[in-house]
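Please read them alongside the sequence and the structure.

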Amino acid sequence: MSEEMMGGEVKKFLYMNRKAPYGTVYALESLEVVLIGAAFEQDVTLVFLDDGVYQLIKGQDNSDSEMKNFSPTYRALEMYDVEKLYVGKEALEMRGLTEEDLLVDVEVKTADEIRDLMEEMDVVLSF
């Protein structure tokens, strides 16, 4: 769908995922909103901070949860042209994780770099 068909300009959306993947609906709802935004050809950026980094962990075990494991959906983001995925450096370090522990390719950014990124956005949503 072109910009003319949508009747508006492309906006830069930043979605900040801060919650663990299971136990609440925040992570799943964030993913659904991201996919909707991408479907409407908005400029979508995802940042994973705090316990949100757990959303990207390989081999998730959600057997204690009544929620479906939706983590494979993150691998499909590229099909929606969602390619700007960032993870907070401090969040990874505090949890003893590295980029190799994650399902998808990400760029690790410091808190200052993420703050700068936020300044460039038209809309920032935190989940």
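1. Tyr22, Phe48, Phe70 and Tyr74 form a cluster linked by ring pairs. Rings of Phe, Tyr and Trp (its six-membered ring) pair if their centres lie within 6.5 Å; planes under 30 degrees apart count as stacked, over 60 as edge-to-face and the rest as tilted. The whole structure holds 5 aromatic pairs. In one of them, the ring centres of Phe48 and Tyr74 are 5.8 Å apart with planes at 75°, so this pair is edge-to-face. Phe48 is in strand 2 and Tyr74 in the loop between strand 2 and strand 3, so the pair ties together parts 26 residues apart in sequence. Strands (E, at least two residues) and helices (H or I, at least four) are DSSP runs, numbered from the N terminus.

2. The model is predicted: local features need pLDDT of at least 70, side-chain atom pairs count only at pLDDT 80 or more, and totals for chains, interfaces and linings use all residues. Residues are numbered from 1 along each chain as its sequence is written, and side-chain values use heavy atoms, with hydrogens and water left out.

3. Are Phe48 and Tyr74 buried or exposed? Both are buried. Here buried means under 20% relative accessible area, exposed over 50%, and partly exposed in between (1.4 Å probe, protein chains only).

4. The count of salt bridges is 7, each being a side-chain nitrogen of Lys or Arg within 4 Å of a carboxyl oxygen of Asp or Glu. Lys84 pairs with Asp43, with the closest N and O atoms 2.3 Å apart. This pair links distant parts of the chain, Lys84 in strand 3 and Asp43 in strand 2, 41 residues apart. Lys84 is partly exposed at 31%, and Asp43 is partly exposed at 22%.

5. Arg95 and Asp51 also meet in a salt bridge, at 3.0 Å from N to O. Arg95 lies in the loop between helix 3 (89–94) and strand 4 (107–109), and Asp51 in the loop between strand 2 and strand 3, so the pair ties together parts 44 residues apart in sequence. Arg95 has 22% relative accessibility and counts as partly exposed. A further salt bridge joins Glu9 and Lys11 at 3.8 Å, N to O.

6. A surface patch of negative charge gathers Glu41, Glu78, Asp81, Glu83, Glu99, Glu100 and Asp105. Patch residues have over 30% relative accessible area and no salt bridge, and like charges are joined within 9 Å. Asp and Glu count as negative. Glu78 sits in the loop between strand 2 (43–48) and strand 3 (84–88), and Glu78 is exposed at 54% relative accessibility.

Definitions and conventions:
Patch = residues over 30% accessible without salt bridge, like charges linked within 9 Å, V, L, I, M, F, W, Y side chains within 5 Å. Areas by Shrake-Rupley, 256 points an atom, 1.4 Å probe, with all protein chains shown as cover. Charge placed at Lys NZ, Arg CZ, Asp CG, Glu CD.
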